[in-house]
Amino acid sequence: MSQDGIFQQMFGSVCSTMCMSGRMALGIPSVPSFLHAVEGVGDNLGHGETTENFCERLGKSLCQMVLGLVMIPGCMGLIFWNENNLVVNEATADLVSGAKVYPTCVPSPKATGELVLVACDLYAPDIASSLPNTLSPFLDHVSAASISWTMEIFQWKEDEEDDCEDADNGGQKCTKKYSYSRSWVEAPVDSASFAHPDGHDNCAAEFPSNLESSGSVEAPPQSVVMSEHGTPSGGFVLDSGLVSSLPSVDLGNRLKSSAPSSGGDPTWDGSGQLTAQMLHGNGEYLLTTTGFPQIGDLRIQFAGQLAQEATVCAVQQSTEGASSEYTFEALPPRRFGWFGEKTKPLERLEAVKVSQDEFIEHYHEENQGDAWTMRLFALGLMSAALHMVLSPLSVAAEGFTFLNKWLCGLGRVLKDAAQCVVGTAAVLIALILTTLTIALAWFTVRPVSSLAAVAVALCLKVLFVKFHHKKNQRKDDDYFKLKA
């Protein structure tokens, strides 16, 4: 360990001892005020060694091969599902072209029960005052469908990894490495379970007893409305499905820097109740500190579901007991294609005013983006599966290390080259197999398009062959003419 690391561990041990002594004297868990911590600073420590011989590694690789063989059909099934899901989503997007487009945001009774496309301003009630008493002083007048908060705590955390070296007998020697760093985490960490707890004490800090670590407040049902000028009446009430589609927006820029004083200067000591006076607005967060974070400090982030305007495509329906007389519901699935497949229910919101053509274009772009994301994921999964299938070959390449004693280290070079070939082969086979599976899936879910593409390809092939044949025949005729 470096001199700096030794000093840091000694300093942490002293801090931990003083922390525990203070808790015993006062009878309460607390966080020492002097234990300042910078996020990401930590140290690396080793602990214990394990060895595996060549036969043990080969046995494990055979188990991996079996698992990989099971994963390959699963990857192919995932690809088939993705291609079919893309076709269904694209057919659903095409239904938008048949929607009645409202020129204004004034509902028409004649359109009840029809698929409509409406672009309006959006109204939502002010729900900031509904936040818990600890949080509400920091947000004023937030008109949103919901406001949520998430809390994090500053803690030591432990990461474990195996640092392995290949042995000349084809085996492997591994040393467990533990790295420690201080950062914001989503739940308190029990430092007593660390492999090296000395110098990494979290002092039993925990979340406050009077405030959930995460939660939200919601606008009343049928209170979010699309209308001509963003008024709470005279337009369309959004149902819960459309409300959940509103984008989540960070509310950090709306936070006040402090809450009204209630006398005294309370501070957060790592447990107990949290009051608004213990918090301070700083950028995107509320923090229990104004300087460097200490072990046990808290930070809280806010997000709200809100938008100033929106475009909706859904079926118009009448409603009662709301500020507006009309609402939306999903269009039931419709049959399409030769095999009687069904679209998905159509009820979609975009948090911006767009035309019908733009709405359809964005819908198709989203479908294609989701499909390509799943294709790349399937390719990565297929590569991992094939690498597992070929893992016995990769382990067998370790046999080259037996030659190190006689070839001056050349055995390791041969081993690395062989494993590189195995890894490259796994990726290439995965790419080919994934491409063939996608092509086969297209024949299943898009038979007309697939057959048409094959027919066009065959025609181009025939034309190319004929053109190439005529060109060669013309050259031969010219040759014989010149020879004559």
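Let's start at helix α8, which spans residues 447–483 and includes Leu 463. The model you are looking at is a predicted one. Leu 463 counts as exposed because its relative accessibility is 56%, above the 50% cut-off for that label. Together with Val 456 and Leu 460, Leu 463 makes a nonpolar surface patch of about 300 Å².

Ala 426 is found in helix α7, which covers residues 410–445. With a relative accessibility of 1%, Ala 426 counts as buried. Which residues does Ala 426 touch, leaving aside those up to four places away in sequence? They are Ser 383, Leu 386, His 387 and Leu 390. Met 388 is 38 residues from Ala 426 along the chain, and the C-alpha atoms of these two are separated by 8.8 Å.

| Residue | Relative accessibility | Class |
|---|---|---|
| Leu 463 | 56% | exposed |
| Cys 420 | 47% | partly exposed |
| Cys 75 | 2% | buried |
| Ala 426 | 1% | buried |

Next come the cysteines that are linked. How many disulfides does a search of the whole structure find? The search finds one. Its partners are Cys 105 and Cys 120, with sulfur atoms 2.1 Å apart. The angle about the S-S bond is -120 degrees, and the link is left-handed. Cys 105 sits in the loop between β2 (100–101) and β3 (115–123), while Cys 120 belongs to strand β3, so the bond ties together parts that are 15 residues apart in sequence. Are these two cysteines buried or exposed? Both Cys 105 and Cys 120 are buried.

Finally, let's look inside. In soluble globular proteins, nonpolar side chains tend to be buried together. The largest nonpolar core in this model has 54 residues, and those with the most contacts inside it are Ile 147, Leu 238, Ile 300, Phe 302 and Phe 328. At least two residues of this core come from each of β3, β4 (146–166), α3 (240–243), β12 (298–305), β13 (309–318) and β14 (326–329). Another core, of 13 residues, lies apart from it; Cys 313, Val 315, Val 354 and Phe 359 are among its members.

Not counting residues up to four places away in sequence, Ile 300 touches residues including Leu 135, Trp 149, Met 151, Leu 211, Leu 274 and Tyr 285. Thr 150 and Glu 284 are also among the residues that Ile 300 touches.

Note on methods:
Residues are numbered from 1 along each chain as its sequence is written. This is a predicted model: local features need pLDDT of at least 70, side-chain atom pairs count only at pLDDT 80 or more; totals for chains, interfaces and linings use all residues. Side-chain values use heavy atoms; hydrogens and water are left out. Patches are made of residues with over 30% relative accessible area and no salt bridge: like charges are joined within 9 Å, nonpolar side chains (Val, Leu, Ile, Met, Phe, Trp, Tyr) within 5 Å. Accessible areas come from the Shrake-Rupley method with a 1.4 Å probe; for residues, only the protein chains shown count as cover. A salt bridge is a side-chain nitrogen of Lys or Arg within 4 Å of a carboxyl oxygen of Asp or Glu. Helices (H or I, at least four residues) and strands (E, at least two) are DSSP runs, numbered from the N terminus. Buried means under 20% relative accessible area, exposed over 50%, partly exposed in between (1.4 Å probe, protein chains only). A disulfide is a pair of cysteine sulfur atoms within 2.5 Å. A nonpolar core is a set of buried Ala, Val, Leu, Ile, Met, Phe, Trp, Tyr and Cys residues joined through side-chain atoms within 4.5 Å. Contact means heavy atoms within 4.5 Å.
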